[in-house]
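Hello,

Here is the structure for you to look at. Please open it first, then read my notes below.

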Amino acid sequence: MLTCKQVSELVSHAQDRRLGWFERWRMHVHLRVCEGCRNFESQIGFMRRAIRRHPLLRDEDRDPPQR
Amino acid sequence: MSESSIPDAGAARSGAQGAALHREYLYRYALLQLRDASRAEDVVQETLLAAMESQDRFAGKSSLRTWLTGILKHKIIDVFRKQAREVPLESGGASESDEEFAGLHFDKQRTDHWHTFPQTWGDPERSLEDKRFWEVFDQCSKQMPPQIARAFYMREIMGLETDEICKELSITATNCWVMLYRARMSLRQCLELRWFSAR
């Protein structure tokens, strides 16, 4: 089974490239049983959404935050 | 010649006038990534000049802001490229070996388990409307070594694909993924420590 370190790397890589099916499968096997890595995965997703909503990138007139 | 090179007088005119209206936005966009007010001011200036010189190429197909932001991205990337050359890799902060970096987050003695398990962040989207969250976020992103921050901004703010980032920064794809990984690891840890588990 993959270690938490390896899974954290794959979770990050998945944001930048398409993982192979075997990588994906091994990652999911680990995520199913590891709450810490599951939290990590959702946090990484959140950070990507968050940075696009950075106050410096907002323009309330044209691009109101989606709420 | 593509059809976009046929000048559209109306679009060009409104382009020249409209560009100034977007100045403020362009400045904020640049400031977030360059972290330096006068540098940001410079690239915006260059962007508006370049836009004026080539306004006949603005065909009104995309919004004016999108077009200007496209020019600005290239100007910011130029600065990044220069910075990457000025500050060699070793002092750019990406100097830890993979093993050293891993040791900050994982326990080698316990088959690379997390030193501290990532906690649940509850409903993190709520923080996005909190001014104090963004103060912490900015402090945390300033903690990223410059080398790593540049790659991270190109990916997450400019939305470049990794092969474009590699090309611009003259690094390999693997190196690029490693830098983005480190950026995310540091930012995540900092946000957890200083915001999500601090409340």
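This is a predicted model: local features need pLDDT of at least 70, side-chain atom pairs count only at pLDDT 80 or more; totals for chains, interfaces and linings use all residues.

**What I found**

Which residues of α8(B) are buried? Helix α8 spans residues 162-169 of chain B, and its buried residues are T162(B), I165(B) and L169(B). They sit on the same side of α8(B), because they cover an arc of only 55° around the axis. An α-helix has 3.6 residues a turn, so residues three or four places apart point the same way.

Now look just after α8(B). There, S170(B) takes a positive phi of about 50°.

Next, chain A. It has three helices and zero strands. From the N terminus on, the order is α-α-α. Chain A has 67 residues, and 22% of them are buried. Take the contacts in chain A with a separation of 6 or more: 60% of them join residues 24 or more positions apart.

Last, the place where the chains meet. How many residues of chain A are in contact with chain B? The count is 24 residues of chain A, against 29 residues of chain B. On the chain A side, α1 (4-13) and α3 (35-52) each supply at least two residues. The most comes from α3(A), with 10 residues. By type, the side of chain A that touches chain B divides into 10 nonpolar, seven polar and seven charged residues.

Best wishes

Definitions and conventions
Residues are numbered from 1 along each chain as its sequence is written. Chains are lettered from A and ligands numbered from 1 in the order in which they are written. Two residues are in contact if their C-beta atoms, placed from the backbone, lie within 7 Å. Helices (H or I, at least four residues) and strands (E, at least two) are DSSP runs, numbered from the N terminus. Ala, Val, Leu, Ile, Met, Phe, Trp, Tyr, Cys and Pro count as nonpolar, Asp, Glu, Lys and Arg as charged, and the others, Gly among them, as polar. A residue is buried if 20 or more other C-beta atoms lie within 10 Å of its own, exposed if 12 or fewer, and partly exposed in between; C-beta atoms are placed from the backbone. The arc is that of the directions from the helix axis to the C-beta atoms.
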